[in-house]
Amino acid sequence: NEKYSPAVLEGINLCFKNIYSVSEKLDLVVGKFEKKDWLEIWKKYYKPIEIGKKILILPEWTSMDGLKTDRQIVRIFPGMAFGTGDHATTRQCLETMEELIVPEKKYASVLDVGCGSGILSVAAVRLGVTEVVGVDNDPDTVQLAKSLFPNVKFECQDANFLPYPDKSFDNCILFTVVECMSDFRRPVEE
């Protein structure tokens, strides 16, 4: 264990108090951790997730042997990109999509702005949308989505300046990106 001066520890406590509104004094433990392959270890805690009545999010490393389900399977490799199905907002978006995208209402195309891992784009395909385009401003995220879902179109684009003519898509999934945009109406109009 390394020793830190009381002034350094008090400074850390002050940061937590001011930044994170932590009112009580924290007991800080400083030390070295055993070296482990954290990128592999966390996988054992990530389990399949049933969402709504129709969707099953299945980690890529999970075997499908003996799996019996009527749900639409969305296989993902949850990594650095946003969108594993585990977060409440992703779940709510998937449940809403499940309600809106039904066979009686033919949605030919959907634009997924801020696609992250591609989970919402792929769910739209699994639910019956014939053309889906996912866009994100992070090239690494777009590359991950393309590698996970090569049959879905993903592009690196700035949500504020999308290159599509107005009314190009029947629907737009505009998830958490709205709060980062200068004018969210433009992609919605497209």
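The model is predicted, so local features need pLDDT of at least 70 and side-chain atom pairs count only at pLDDT 80 or more, while totals for chains, interfaces and linings use all residues. Residues are numbered from 1 along each chain as its sequence is written, and side-chain values use heavy atoms, with hydrogens and water left out.

**The sheet**
- Three strands form an open sheet in the order E1-E2-E3, with mixed pairing (strands are DSSP runs of E, at least two residues, numbered from the N terminus; a pair needs at least two DSSP bridges).
- Strands E1 (49–51) and E3 (72–76) are at the edges with a single partner strand each, so one side of each has no neighbour in the sheet.
- From one strand to the next, the twist averages 25° (angles run from 0 to 180 degrees between N-to-C directions, with axes fitted to C-alpha atoms, for helices over the stretch in contact).
- E1 and E2 (residues 55–59) run antiparallel and are joined by three bridges; Glu50 has Leu56 in E2 as its bridge partner.

**Helices on the sheet**
- Helix H3 (residues 88–100) lies across E1 and E2, at about 45° to E1 (helices are DSSP runs of H or I, at least four residues).
- Helix H4 (residues 119–126) packs on the sheet and touches E2 and E3 (contact means heavy atoms within 4.5 Å); its direction makes about 155° with that of E3.

**Helix against helix**
- H3 and H4 pack at about 20°, their axes 10 Å apart.
- They are therefore roughly parallel to each other (angles under 35 degrees).
- Thr90, Cys93, Leu94 and Met97 in H3 meet Ile119, Leu120, Ala123 and Ala124 in H4.

Conventions. Angles under 35 degrees count as roughly parallel, over 145 as roughly antiparallel, 65 to 115 as roughly perpendicular and the rest as oblique.
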